[in-house]
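Visitor: I would like to take a close look at a single part of this model, going slowly through the terms as they come up.

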Amino acid sequence: AAQPRGEEGAMAEAGVLLTQEPAPAALPSTASPMKVTVRTGPDAAGGLAAVGFRTAKYLPHEWHQNNNALYLKAFSGCEQAECNRAEAKELAELSTAAAQRAQEHATAALVQRLQDLHLWKVKLQTEIEELDAETNLLVGQKKRLERALDTIELPYAIATDNLRCRERRQHPDLVSDEVESELLKELELIRNIQELLKRTLMQACNQIRINRDQKEICEMDWSDKIETYSIDDKCERYSNQSTNIQFHPGTVKFEESASTPETWVKFSHDNVFRAEQEKLASINLRTVIDNILHDTSEDLRRQCAAVNEAFARRCEELDDAKHKLEHYLKKTLKEIGDQETTVAALKQAIKDKEPPMKVAQTRLYDRSFRPNIELCRDEVQYRLVSEVEELTESIASLKKKLLESEQSLRNLEDTRMNLEREIAVKTNSIFIDKQKCMAHRARYPTVFRLAGYQ
């Protein structure tokens with residue numbers, strides 16, 4: 001009974017299905033089966049010794065089961081391989097067709113992309129040429145502004161010289177008359193025109209810079225599209241038979257900085273739109289420059305005529321002003337005398353207040369020595385304090401009025417000296433206005449030069 005159990009354990013280790021339940025093996029499952037020889041006695045070496053070799057053999061039905069299992073496994077493997085071949089062939093055909101369709105779609109997209117690139121390239125090139133032509137016209141207007149600014153320096157020098165010459169009149173004659181007012185208006189007009197021309201010149205320079213910057217932006221966009229057109233055109237000519245194609249695994253990704261079709265169109269559209277806007281702004285600026293130069297030249301000539309008329313009227317007024325100044329000088333001298341009398345009266349009034357003040361303060365001082373309970377705040381004490389306060393306030397008011405009167409007297413004396421000197425400088429003022437200023441104004445530039453044409 002021990003021998004069958006050993007054979008079944010060996011078959012179980014070989015992985016073959018058994019018909020009988022094997023008994024637990026005495027050795028570990030990983031140990032190979034051992035041949036067991038049973039000896040019954042010292043002379044048992046014949047038939048009994050051969051029985052021990054049967055423990056390593058399989059049973060017939062186990063041998064058949066093993067073969068059948070192998071047949072079944074081979075059949076299943078062949079059947080599965082046949083299915084895999086069919087599936088692989090179908091998958092290869094489908095993937096080939098899909099790859100061809102994908103390549104055709106990509107080629108069609110490249111063709112459409114090339115058309116879009118060509119369209120934007122032509123638009124950008126047109127804008128570049130028109131913007132460059134407009135910039136050259138604006139540069140011409142800029143030169144007119146520069147010439148006008150140079151020419152306007154002469155009227156500025158004339159007006160400044162007239163004012164400086166009139167400043168050399170003696171001080172009492174430095175009045176804000178009509179001539180000075182017109183000269184200041186002329187000078188202010190010239191300064192405003194200079195500021196306007198400088199601002200306009202800055203606008204022109206800025207617009208020229210913007211035009212050139214926008215032209216450069218359009219040129220860069222145009223250059224990028226030229227380069228992109230060349231790249232996409234090369235990509236469109238690639239085919240499966242091309243010799244210069246190879247694997248680039250790292251390129252199968254979307255760059256984070258890549259644009260979208262919408263942003264790509266918007267970028268070029270915005271460039272063209274801004275170029276159109278800057279071109280329109282440049283045209284408007286040239287029109288503004290024409291109007292400014294025309295208006296400023298006319299304004300300067302009108303103001304020049306107004307100044308000349310004011311000079312003529314001023315010379316006629318100088319003689320009349322001299323007589324009036326003499327009249328006011330006499331009136332001032334009389335007022336000075338009256339004011340001196342008033343100052344003297346105020347000083348005497350202040351001096352007259354000193355004895356009452358001394359009396360009141362002495363009374364207060366003496367009453368401060370009253371003994372004990374007699375040091376009382378009686379009616380006398382209140383009256384004395386009130387009297388001192390009234391006298392102090394009165395003296396302060398008189399001193400304040402005295403200061404005002406003395407200041408008024410000094411002002412009258414200053415006025416008298418100014419009037420006396422004014423009478424002496426009238427002849428000098430006439431010489432300055434006629435011989436110096438009017439002669440210099442004969443060099444005033446013409447409207448043609450003020451408009452920047454020379």
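Visitor: Are H5 and H6 roughly parallel or roughly antiparallel to each other?

Guide: Before the answer, a word on the source: this is a predicted model, in which local features need pLDDT of at least 70 and side-chain atom pairs count only at pLDDT 80 or more, while totals for chains, interfaces and linings use all residues. Residues are numbered from 1 along each chain as its sequence is written, and side-chain values use heavy atoms, with hydrogens and water left out.

Two packed helices are described by the angle between their axes and the distance between the axes. Helices here are DSSP runs of H or I with at least four residues, numbered from the N terminus, and axes are lines fitted to C-alpha atoms over the stretch in contact, with angles running from 0 to 180 degrees between N-to-C directions. The axes of helix H5 (residues 178–237) and helix H6 (residues 261–352) come within 9 Å and cross at roughly 165 degrees. H5 and H6 are therefore roughly antiparallel to each other, given that angles under 35 degrees count as roughly parallel, over 145 as roughly antiparallel, 65 to 115 as roughly perpendicular and the rest as oblique. The residues of this contact divide into 25 nonpolar, ten polar and eleven charged, where Ala, Val, Leu, Ile, Met, Phe, Trp, Tyr, Cys and Pro count as nonpolar, Asp, Glu, Lys and Arg as charged, and the others, Gly among them, as polar.

H6 also packs with helix H3 (residues 60–151), at an angle of about 20 degrees and with the axes 9 Å apart, and H3 and H6 are therefore roughly parallel to each other. The contact of H3 with H6 holds 16 nonpolar, five polar and ten charged residues.

A nonpolar core is a set of buried Ala, Val, Leu, Ile, Met, Phe, Trp, Tyr and Cys residues joined through side-chain atoms within 4.5 Å, and buried means under 20% relative accessible area, exposed over 50%, and partly exposed in between, with a 1.4 Å probe and protein chains only. The core has 32 residues, and those with the most contacts inside it are Leu145, Leu197, Ile289 and Leu300.

Leu346, in helix H6, is buried, with a relative accessible area of 12%.

Notes: Helix = DSSP H or I, 4+ residues; strand = E, 2+ residues; numbered from the N terminus.
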